[in-house]
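Let's take a friendly walk through a protein model together. Have a look at the picture first, and then read on.

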Amino acid sequence: MDFRSGRRKGEEGIAVVIDFLLTNARLVLGVGGAALLGIATLVVKRLIERAGRASEDEKVEQKMVESWEELASASPTLIGKSLEGVVMKEVAKAAKQQRADLCEKSSLDIQPKSDVKPKKLQLCALTLQERLLQFYYTRAQLSPVEVRRVQSLALDICTEIQGFLHTRHPDMPLGEMSLGGSLLDDLEVVRADHACLLVPLQVEASLWRLIPGEETLLTHPLHWMVRRINLEYFPRGRSYWDRFLVGGYLSSEALVNMLSKTVMETMNWPSISSHLDCLVRPVLGGPELSLEIRPEDPEGGGKGSGMPPLFISMIPVLREEDVVLTGQPQLTAPWVNAWHLSLYPWETRRLAQLDESDSGCRRNVLKTLKAVCKLNPALRPMPSAPLANLILHLSERESDWSDGSLEVRFQQCITELIGYLEQGALHSYFKPVVNLLGSLSEDQVDQMGFMLYCAMSEPEILLI
């Protein structure tokens, strides 16, 4: 490559090298390498903050048009297109910000009797530990009143569906439907906008056998199958579920299709909406059994107004001892016979056991990480399962999970997650052959890597 191409006469050699690195960042640093320049920007920011104390350059002030949050959420693609301009804008903004802070500090020195500090300085005075606690209680943790309201509404929907199925299909062997998922386990964050309705199927132990994924032709550890057995003694038709057989196996897709037609397309949702004082309607057109509920506005604004919608997912479930299989074709496609092995109950139970044994804060760290990812556009594609397994892996090496270690553990989780993203793999705690990051695209990994690299030096950007 020609380092001298396009350079103006008289420029220093160091400027040529910097321009080369900025232009060819991804080539030099590899996948996710552009994220490293976020750290370089922070280094330059520190230098400018020191020099900014004496700087009076008005031209620099005219370039202050973008925020640090905008840089933190910028994609590697944007950096590849105009990295040099972004860096210069942020460097200039840092100088202005430092001068503004100094002016406020000088103002306080002039009026020492005043005990009222500017809000900005109060925030800056908080330690990371205090910021994390503030973020947890104001953003991650849900109001008990909100949780109870949503759980009550979901249980009302559950009662309506179970009563309808019992009337329409009295011979269908179903267990007691119940709530499940993060809302029930106090792991939901930011807002209570999703709940799970578990529909347990009762199958005859002498007629059906749950087969681990490793023993099937699929060879996927999370894709189990349910085989019909003893056909020579109990011919087809002896079990209610025989009508959903495909190739000798109980088909989750056929079962979900039946429930979709029976529940989603047949129930009188306008009547139920009137009875429950809310707007209830099925979400059609996808592989999931999902309902959208818009509660009535408590201020009298009418049905569905002023409040975020609640989505309730119906999930068929098969249980055998500690094995929980779910009928979720969106997770097992294109295999119509496959059932998904849910590791969520194992992960949740293990986290609770560890916290109970040492009064730890693992679940609080998990909820904080989930809230950070849910609120940050760059981190939003990150599922919750990798975060839970990250903490379980970290618990094998770290013993101190007291409330006072929240800051250290949070920063450690960020560092560990960057390492997993660089490797492109985070293996399940209970099923090491499962890569929990396998569903993420390369572009999503780049976006998250960039944000987390920036957060290594400025973790507060994740708590905005």
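R243 lies over the face of Y240, 3.8 Å from the centre of the ring. A charge is said to sit over a ring if NZ of Lys or CZ of Arg is within 6 Å of the ring centre and within 35 degrees of the ring normal. You can find another case at W401, where the charged end of R409 sits over the ring, 5.6 Å from its centre. Before we go on, note that this is a predicted model, in which local features need pLDDT of at least 70 and side-chain atom pairs count only at pLDDT 80 or more, while totals for chains, interfaces and linings use all residues. Residues are numbered from 1 along each chain as its sequence is written, and side-chain values use heavy atoms, with hydrogens and water left out.

Ring pairs link Y240, W241 and F244 into a cluster. Rings of Phe, Tyr and Trp (its six-membered ring) pair if their centres lie within 6.5 Å; planes under 30 degrees apart count as stacked, over 60 as edge-to-face and the rest as tilted. The structure holds six aromatic pairs. One of them joins Y136 and Y137, an edge-to-face pair with 5.1 Å from centre to centre and 80 degrees between the planes. Which of these two tyrosines is buried, and which is exposed? Buried means under 20% relative accessible area, exposed means over 50%, and partly exposed is in between (1.4 Å probe, protein chains only). Y136 is buried because its relative accessible area is 7%, whereas Y137 counts as exposed because its value is 53%.

Now step back to the whole chain. The protein chain has 17 helices and eleven strands. Here helices (H or I, at least four residues) and strands (E, at least two) are DSSP runs, numbered from the N terminus. Of its 464 residues, 45% count as buried. Among contacts between residues at least 6 apart in sequence, 63% join residues at least 24 apart, where contact means heavy atoms within 4.5 Å.

F164 gives you an example of parts of the chain coming together. F164 has its place in helix α9 (residues 144–168), and F164 counts as buried because its relative accessibility is 17%. The C-alpha atoms of F164 and V263 are separated by 8.1 Å, although these residues are 99 residues apart along the chain. Not counting residues up to four places away in sequence, F164 touches T262, T266 and M267.

A strand residue can be looked at in the same way. S290 lies in strand β8 (residues 289–295) and counts as buried because its relative accessibility is 10%. Leaving aside neighbours within four places in sequence, S290 is in contact with M264, P282, V283, F311, I312 and S313.

Next, look at how helices pack. Two packed helices are described by the angle between their axes and the distance between the axes. Helix α14 (residues 362–375) and helix α15 (residues 384–397) pack at about 145 degrees, with their axes 10 Å apart. The axes are lines fitted to C-alpha atoms, for helices over the stretch in contact, and angles run from 0 to 180 degrees between N-to-C directions. Residues making the contact include V365, L366 and L369 of α14 and L387, A388 and I391 of α15.

Finally, visit some loops. Most residues other than glycine have a negative phi, and most peptide bonds are trans. In the loop between β9 (310–320) and β10 (323–326) you will find E321, whose phi is near 60 degrees, a positive value in a residue other than glycine. E321 counts as exposed because its relative accessibility is 79%. D186 also has a positive phi, near 60 degrees, and lies in the loop between β1 (178–180) and β2 (194–200). D186 counts as partly exposed because its relative accessibility is 47%. A cis peptide bond joins A333 and P334, with omega about 10 degrees, and P334 lies in the loop between α12 (329–332) and β11 (339–341).
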